[in-house]
Amino acid sequence: MKVHQTNCGATTDFGYKLTLTHHGKDEKEILSYGMLEGDSRIETDVHNNQINVTYSPATIVYSKGSKYKGVPIHFERKGGNVSVPESFENQRKSFDLEMADLFANSLIVYRNEEIPAGQVHYAVSEKGITQRHGTATG
């Protein structure tokens, strides 16, 4: 398994691709992602004929594969996968605003794929632990 950093242009952050190869050939991209903050942190293992990939809570997943050479791949965000309510996804599709200033505070509107990563330091710690009250800390 290899992680490749990609340059997405002058106005865009770096992206990442996780690829698998078998005996130095048959390379296949299994995960395309970015980081809302921090560095890429990917952990992988093979267990019970399944490839397991765990990534940090601040990861923005763009696409992921389901199998490599017939072996299923399971992806998990540290702290658990987070589903975005369909109503949020539908609202965001029709909402062009990216940033708003309300008095002295800024409001950032995340794209659908960024919403789980945007919860880091608010509802989830950087280790993926869900916070019940107050703000999340390291």
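Visitor: Where does Lys69 lie, if I go by the strands?

Guide: Lys69 sits in the loop between strand E7 (67-68) and strand E8 (71-77). Helices (H or I, at least four residues) and strands (E, at least two) are DSSP runs, numbered from the N terminus. A word on the source: this is a predicted model, where local features need pLDDT of at least 70 and side-chain atom pairs count only at pLDDT 80 or more, while totals for chains, interfaces and linings use all residues. Residues are numbered from 1 along each chain as its sequence is written, and side-chain values use heavy atoms, with hydrogens and water left out.

Visitor: What should I look for in the phi of Lys69?

Guide: Most residues other than glycine have a negative phi. Lys69 has a positive phi of about 55°, although it is not a glycine.

Visitor: Which residue in the hairpin of E4 and E5 takes a positive phi?

Guide: Asn48 does, with a phi near 50°, and the hairpin has two residues between its strands. Asn49 is found in the loop between E4 and E5, and it has a positive phi of about 55° without being a glycine. With a relative accessible area of 67%, Asn49 is exposed. The cut-offs are under 20% for buried, over 50% for exposed, and partly exposed in between (1.4 Å probe, protein chains only).

Visitor: How many bridges join E4 to E5?

Guide: Two strands pair if DSSP finds at least two bridges between them. Here six bridges join strand E4 (residues 42-47) to strand E5 (residues 50-55), and the two run antiparallel. Within this pairing, Glu43 stands opposite Thr54 in E5.

Visitor: What is the strand order in the open sheet of four strands?

Guide: The order is E1-E2-E3-E6, with antiparallel pairing. Strand E1 (2-6) and strand E6 (59-64) are the edge strands, each pairing on one side only. Neighbouring strands of this sheet are turned by 30° against each other on average, direction ignored. For such angles, axes are lines fitted to C-alpha atoms (for helices over the stretch in contact), and angles run from 0 to 180 degrees between N-to-C directions. Inside the sheet, seven bridges join strand E2 (residues 15-22) to strand E3 (residues 25-35), which run antiparallel. There His22 stands opposite Lys25 in E3.

Visitor: Which residues form an aromatic pair?

Guide: A pair of aromatic rings is described by the distance of the centres and the angle of the planes. Rings of Phe, Tyr and Trp (its six-membered ring) pair if their centres lie within 6.5 Å; planes under 30 degrees apart count as stacked, over 60 as edge-to-face and the rest as tilted. The count comes to one aromatic pair. Tyr16 and Tyr33 form this stacked pair, at 5.2 Å centre to centre and 15° between the planes. Tyr16 lies in strand E2 and Tyr33 in strand E3, so the pair ties together parts that are 17 residues apart in sequence.

Visitor: Are Tyr16 and Tyr33 buried or exposed?

Guide: Tyr16 is buried at a relative accessible area of 12%, and Tyr33 is buried at 0%. Of the 138 residues of the protein, 30% count as buried.

Visitor: What is the place of Leu102?

Guide: Leu102 is in strand E9 (residues 99-102). At 49% relative accessibility, Leu102 counts as partly exposed.

Visitor: How many helices and strands are there in the protein?

Guide: There are two helices and ten strands. From the N terminus on, the elements run β-β-β-β-β-β-β-β-α-β-β-α.
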